[in-house]
Amino acid sequence: MNKKEVYSKLNTQTNYSKTDIQHYNTLTGGQIKVALTTKALEYLYPLFTLIVDKDSSVASEIETRASSLENRFFSSSLDDKYNKSIEQIISASIEAKLFGVAIVELFLDSNGDFAFEKVSREYIFIEEGGEIFLKTGDKKFKPTEPKFFIIKHEPLLIKLLWIVYAKHFVLSHFMKFTEFLGVPPLIVNASSSDSKTIDEISDALRELKSASFGVFGSGDIVKVLEGRGSQDDFLAFVKYADAEIAKVINGQSLSSNASSHASYALGKVQESVRLEIVAKDVKFATMLVNKLFEVLELKSELTIFIEKDTDLLNRANTLKLLYDMGYEMNEEDISKEFDLKLQKRNTQANHRLQSNAKEKILPIDKFDKFFTGDKFKDFLKVNEMEIKATLEKVLLSATTFEEAFELLNNAYPDMALDKLEEMFTTVLFNSQLQGYIEED
């Protein structure tokens, strides 16, 4: 299907209706078992939506993973009017990797130009057999190309289902445990065992709360059974679960709720893992952008800028050191190393410039004409002779080579050592020639 046929099948952006999510409000072991056993998207997708909505740790890690890709600068060979479309496709690519599916709509904007936009997850629902649908009003329909593009990927969140379920199961029991310790049981050693006495003591105990009182016999003893349990085990498991969530989505995190200790070495390792994850996301997103724009017979040549390490300055200094050692890099190598797009060159203009350079170098302006003229060169030559003459007077007053060099170094403390040596040698050489002339 060519670009013209695609254009004829498009219209303005679709208005969607939200899906029915009433059956997403529970998270049970049975649901988890069915989803993991079948690995069917119709069972997995609702659970993914549920755990993102109900678990703040999962939602936070997903936001971090998405931001690592969506907040990158990028460049392309496309017109700037397609920048928003590129951003939408990049966002859809990371959503597909996390949730297993994403939908991108191709439509005509208000200017009649092509545009891509990601369909929000709340509008997507999946029926038995993995059939994906969208709704407009009460009518449902299957998204098909070229109007819609369905992006599928193995869902990353499938690795979190059991750990999230276990985390919330433990938290529910933690609440019961806390309630049990908050209202400890009362034990009474009664002075009499007759039923009337027991009933009166029981009535008194039921009312025995804060700002209340009970009437007991002189021989009765009331004891409070204090709880000896600890909540540390519950909290330790929750921290372990959060660490596993961070590890699955972002390759671990050093945040306080995910790790109890940190070190510089551990941080460097985790930073390296994070960069590898971002690089994979960039590769998938770039491939997807190129593929979708090919439908419009356009080459995107997308480049998403990411750092290959945390200190670009150190890497640049390393490259400079290698250059000083004799290793050279061409423009293509530098572009690849720093993820920079090569600038397109105007070969005809360069040819004209080179031709002009061979024939005659023309001054840029009147200042350039003055600085390249003979008058300025003569001025420099006169001043150079005066400087050398002054230096000769200073240096020839010294009795040794070391003393002469020290005088020169004190006179020009900010000058590089190699430049000083060059000037010193020139002056001495000129002085030596002058001595030969005088002897003759």
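## Strand pairing and helix packing in a predicted model

Strands β5 and β6 form a hairpin with two residues between them, and G137 in the turn has a positive phi of about 70°. Helices (H or I, at least four residues) and strands (E, at least two) are DSSP runs, numbered from the N terminus. Two strands are taken to pair if DSSP finds at least two bridges between them.

This is a predicted model, in which local features need pLDDT of at least 70 and side-chain atom pairs count only at pLDDT 80 or more, while totals for chains, interfaces and linings use all residues. Residues are numbered from 1 along each chain as its sequence is written, and side-chain values use heavy atoms, with hydrogens and water left out.

**Hairpins.** Strand β5 takes part in two antiparallel pairings, one with β4 and one with β6. In the hairpin of β4 and β5, three residues lie between the strands, and G129 adopts a positive phi near 95°. The pairings are set out below.

| Strand pair | Bridges | A bridge pair |
|---|---|---|
| β4 (residues 125–127) and β5 (residues 131–136) | three | I126 with I132 |
| β5 and β6 (residues 139–141) | three | T136 with K139 |
| β2 (residues 101–108) and β7 | five | A102 with I151 |

Contact here means heavy atoms within 4.5 Å. Axes are lines fitted to C-alpha atoms, for helices over the stretch in contact, and angles run from 0 to 180 degrees between N-to-C directions.

**Helices α2 and α3.** The axes of α2 (residues 29–38) and α3 (residues 41–54) come within 8 Å and cross at roughly 130°. This angle makes α2 oblique to α3; angles under 35 degrees count as roughly parallel, over 145 as roughly antiparallel, 65 to 115 as roughly perpendicular and the rest as oblique. The crossing of α2 past α3 is left-handed, that is, the near helix is turned anticlockwise from the far one by less than a right angle. From α2, residues Q31, I32, V34, A35 and T38 meet Y43, L44 and L47 of α3. By class, this contact has six nonpolar, two polar and no charged residues. Ala, Val, Leu, Ile, Met, Phe, Trp, Tyr, Cys and Pro count as nonpolar, Asp, Glu, Lys and Arg as charged, and the others, Gly among them, as polar.
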